[in-house]
Amino acid sequence: MSKPTARKPRTDAERNRGRVLEVACELFAERGDEVQMAEVAKAAGVGVGTVYRHFPTRQALIEAVTEQRFAEILAYARTACLPNPDTRQALTCFLTRIGEVHDEGRGISSAIEAALGSTEPRGQVGADLLTLGETLLDRGRTDGTFRADAKVADLYMIAGAVAAISREAIGDWRRFIDIALDGLRPR
């Protein structure tokens, strides 16, 4: 007996899913946690059943928006930041992107916080972001840019603070990055 093969999603189904996710990001950015599934469907030009087929609950949609947000930060960091041979500039690039995403997407952050209880990255993309941070710290410890006892947990706190400062508009997050990275310098 042959094993059943997994069906590949139809091209139009993939396109609809992408459109729903794109529109959801835009609506959550504009209006935060107020956005409802029917509004997403209407704005995406699909039926509400299509939205629910891809995202069975509002929380599932917000989880997908969250994953996409962090996947975009990760992709940016890998292509625009990590290749920079100046380790401090590479880490500044990474933290700046985190600040920009949270600054520009305050509504998305509020929807994520309301639905998931936290805005921190999860799952594989969260693990990949930690690995990228560890890579930058290893490089900085090796080339003398960062102190030998700098840990990924330290970087995680800095990234979380940058996100909170920019998301809540409670200060100059760019200045904070500069000050925080000074704290990672060797003594």
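This is a predicted model: local features need pLDDT of at least 70, side-chain atom pairs count only at pLDDT 80 or more; totals for chains, interfaces and linings use all residues.
Helix axes are lines fitted to C-alpha atoms over the stretch in contact, and the angle between two of them is taken between their N-to-C directions, from 0 to 180 degrees. Helix H5, residues 87-104, packs against helix H9, residues 173-182, at an angle of about 145°. Their axes lie 10 Å apart, and the crossing of H5 and H9 is right-handed. On the H5 side, the residues that meet H9 are Arg-88, Leu-91, Thr-92, Leu-95, Thr-96, Gly-99, Glu-100 and Asp-103. Their partners in H9 are Trp-173, Arg-174, Ile-177, Asp-178, Leu-181 and Asp-182. Sorted by class, the contact of H5 with H9 holds five nonpolar, three polar and six charged residues.

Beyond its neighbours within four places in sequence, His-102 is in contact with Arg-69, Phe-70, Ser-109, Ala-163, Ser-166 and Arg-167. A polar atom of the His-102 side chain lies 3.0 Å from the backbone oxygen of Ile-98. Between His-102 and Ala-169, the separation is 67 residues in sequence and 9.6 Å in space, C-alpha to C-alpha.

Ser-118 sits between helix H6 (106-116) and helix H7 (123-143). Ser-118 is buried because its relative accessibility is 16%. Its side chain reaches the backbone nitrogen of Glu-120 at 3.1 Å. Not counting residues up to four places away in sequence, Ser-118 touches Ile-112 and Glu-113.

How values were computed
Residues are numbered from 1 along each chain as its sequence is written. Side-chain values use heavy atoms; hydrogens and water are left out. Helices (H or I, at least four residues) and strands (E, at least two) are DSSP runs, numbered from the N terminus. A crossing is left-handed if the near helix is turned anticlockwise from the far one by less than a right angle, and right-handed if clockwise. Contact means heavy atoms within 4.5 Å. Ala, Val, Leu, Ile, Met, Phe, Trp, Tyr, Cys and Pro count as nonpolar, Asp, Glu, Lys and Arg as charged, and the others, Gly among them, as polar. Buried means under 20% relative accessible area, exposed over 50%, partly exposed in between (1.4 Å probe, protein chains only). A polar contact is a pair of N or O atoms within 3.5 Å; within protein, one must be able to donate a hydrogen and the other to accept it, and residues adjacent in sequence count only if both atoms are side-chain atoms.
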